[in-house]
Amino acid sequence: MLQITLSLEGPAGLWKDRPGILPSPTPLTLPAVIEAAGTAGMDFIAGAIGGGLSTAVGYPLDTVKVWGFYKGVTASVLTVSMISSVSFGTYKNFLCAICKLRYGAAEAKPSKLDISLAGGAAGAVRVVLTNPSEVAKVRMQTQRNPHPSITSPQPVPKPKYRGSLHCLKVVAKEEGFGGLYKGCSALLCRDCSSSAIYFLTYSALCDWLTPAGKNKPGFLVVLLSGGFAGVLAWALATPMDVIKSRMQTDESEQHKYKGLIHCARESVRKEGAKVLFKGLSLNCIRAFPVNMVVFVTYEGVMRFTDHYTNKK
């Protein structure tokens with residue numbers, strides 16, 4: 001059993017065996033840490049780890065959509081673990097609450113409706129936390145950096161946004177607090193619907209592909225189910241993702257769009273309905289490996305937790 005010992009003795013046993021000050025060193029076992037976090041807390045932790053590992057897989061493909069490859073990477077690195085943590089943690093806790101309310105036990109088998117409702121709730125909570133970082137990411141990715149002119153002696157002007165945090169500061173100053181939540185309506189529609197289908201698809205595929213008699217899906221089943229869940233979710237989310245990005249790049253001096261419906265209508269009028277599916281193929285290509293990593297990591301951490309908890 002993995003064991004970590006925290007020693008508080010200090011130099012030459014300064015604090016050792018001195019009643020009323022500090023106790024003698026006590027071994028802190030991994031199951032004790034897991035127990036302290038609790039089942040509900042471990043879902044947040046497992047989601048964060050899964051999201052963090054998936055960043056290396058998905059970020060370059062994500063930025064290709066708006067031709068900025070690694071621009072805005074700071075915002076993504078700082079928030080992707082939090083997003084995944086909130087998503088998985090909120091989903092699981094909402095699902096347990098729904099099952100307890102409907103069936104009298106949090107461990108009861110949920111229905112497809114229960115899973116969809118919990119997934120939608122996770123998407124809604126996620127929007128509140130992530131919309132500002134989405135604004136920063138899109139603005140950084142679409143920003144055109146000035147280039148020096150051979151014929152002009154004038155110094156090259158600095159880019160408007162010098163980093164993700166600076167971008168948020170500028171947006172808040174120029175557009176107010178509401179600027180940080182620009183595109184929120186589109187993001188809410190995108191994340192609530194896609195999150196519901198995301199968890200529902202994963203759950204349904206795991207149930208379908210897991211052989212009778214086994215209570216947990218195998219490694220390959222988790223990989224395939226997670227990958228296909230991600231693809232289906234993004235197929236549903238892409239139209240709103242396009243609208244969301246256009247609304248968030250609409251800066252204060254432009255005001256091209258008056259809202260979600262106006263943005264969608266103007267985009268379709270000028271570029272045709274196909275504009276709503278711009279980036280669909282790239283989204284789906286990105287979604288499969290990213291969500292394979294997310295789910296297999298999440299399941300691995302949770303099973304690791306269960307193993308050590310039960311072993312204790």
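Axes here are lines fitted to C-alpha atoms, for helices over the stretch in contact, and angles run from 0 to 180 degrees between N-to-C directions. Helices (H or I, at least four residues) and strands (E, at least two) are DSSP runs, numbered from the N terminus. This is a predicted model, where local features need pLDDT of at least 70, side-chain atom pairs count only at pLDDT 80 or more, and totals for chains, interfaces and linings use all residues. Residues are numbered from 1 along each chain as its sequence is written, and side-chain values use heavy atoms, with hydrogens and water left out.

**Exercise 1. Work out how helix H6 (residues 219-248) sits against helix H7 (residues 260-271).**

Step 1: Start with the axes, which come within 10 Å and cross at roughly 105 degrees.

Step 2: Angles of 65 to 115 degrees count as roughly perpendicular (under 35 is roughly parallel, over 145 roughly antiparallel, the rest oblique). So H6 is roughly perpendicular to H7.

Step 3: Now find who touches (contact means heavy atoms within 4.5 Å). H6 brings Met-240, Ile-243, Arg-246 and Met-247, while H7 brings Leu-260, Cys-263, Ala-264, Ser-267 and Glu-271.

Step 4: Sort them by class: Ala, Val, Leu, Ile, Met, Phe, Trp, Tyr, Cys and Pro are nonpolar, Asp, Glu, Lys and Arg are charged, and the others, Gly among them, are polar. You get six nonpolar, one polar and two charged residues.

**Exercise 2. Find where the pLDDT is lowest and highest among the elements.**

Step 1: pLDDT is the predictor's confidence in each residue, from 0 to 100. The protein averages 80, and 74% of the residues score at least 70.
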